[in-house]
Amino acid sequence: MPFFDSPAVRVARARERRRCLIAIGIALSLGVAGCAPDAILPERPYDAFLDRVQINCGNLRLGPEFINTLLRQQDPYFLDLTSRFFNGRVSEQNFVDGLESFYNAPPGSPGIRCILQQMPAPGSPPPLSVPPVIR
């Protein structure tokens, strides 16, 4: 009877399927973890930077969109690009080029200039998102 397997064959196939599923799960976990590690963890200096951008630049536009709208809707491209720029993974020129091409914003637009002005000075300590506790 070719359609019925012995218990030993069934157990061997079940182990093989289980190993395959474990391997797939590990591969997917590693792939997802490597996508944007800085996008998952809370980052106080970056959050403080976004707070300053929202307060000082929220009413300005990037092309057709207000910066406030991009932040409120948690626009993935805007947040990813600003995170990469803030953390030094892309240059200022690449940041401006990205905003210009994706949002159709002129490179010298008030919105882009304002965002650039919110960056901390090179070498300065990162800003606190909340005031320090005074004891």
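A residue is taken as buried when its relative accessible area is under 20%, and by this criterion 25% of the 135 residues of the chain are buried in the predicted model. Among contacts between residues at least 6 apart in sequence, 60% join residues at least 24 apart. The chain presents an accessible surface of about 9700 Å², and carbon and sulfur atoms account for 61% of this area.

One disulfide is present in the structure, formed by C57 and C114, whose sulfur atoms lie 2.0 Å apart. The link between C57 and C114 is left-handed, with an angle of -85 degrees about the S-S bond. Because C57 belongs to helix α3 (residues 44–57) and C114 to helix α7 (residues 110–117), the pair ties together parts that are 57 residues apart in sequence. With a relative accessible area of 0%, C57 is buried, and C114, at 8% relative accessibility, likewise counts as buried.

Helix α5 spans residues 76–86, and its buried residues are F78, L81, T82, S83, F85 and F86. In an α-helix there are 3.6 residues a turn, so residues three or four places apart point the same way. The N-terminal end of α5 is capped by D75, a side-chain oxygen of which lies 3.3 Å from the backbone nitrogen of Y77. After α5 comes G88, whose phi is positive, near 75 degrees.

Methods: Residues are numbered from 1 along each chain as its sequence is written. This is a predicted model: local features need pLDDT of at least 70, side-chain atom pairs count only at pLDDT 80 or more; totals for chains, interfaces and linings use all residues. Side-chain values use heavy atoms; hydrogens and water are left out. Buried means under 20% relative accessible area, exposed over 50%, partly exposed in between (1.4 Å probe, protein chains only). Helices (H or I, at least four residues) and strands (E, at least two) are DSSP runs, numbered from the N terminus. A polar contact is a pair of N or O atoms within 3.5 Å; within protein, one must be able to donate a hydrogen and the other to accept it, and residues adjacent in sequence count only if both atoms are side-chain atoms. Contact means heavy atoms within 4.5 Å. Accessible areas come from the Shrake-Rupley method with a 1.4 Å probe; for residues, only the protein chains shown count as cover. A disulfide is a pair of cysteine sulfur atoms within 2.5 Å.
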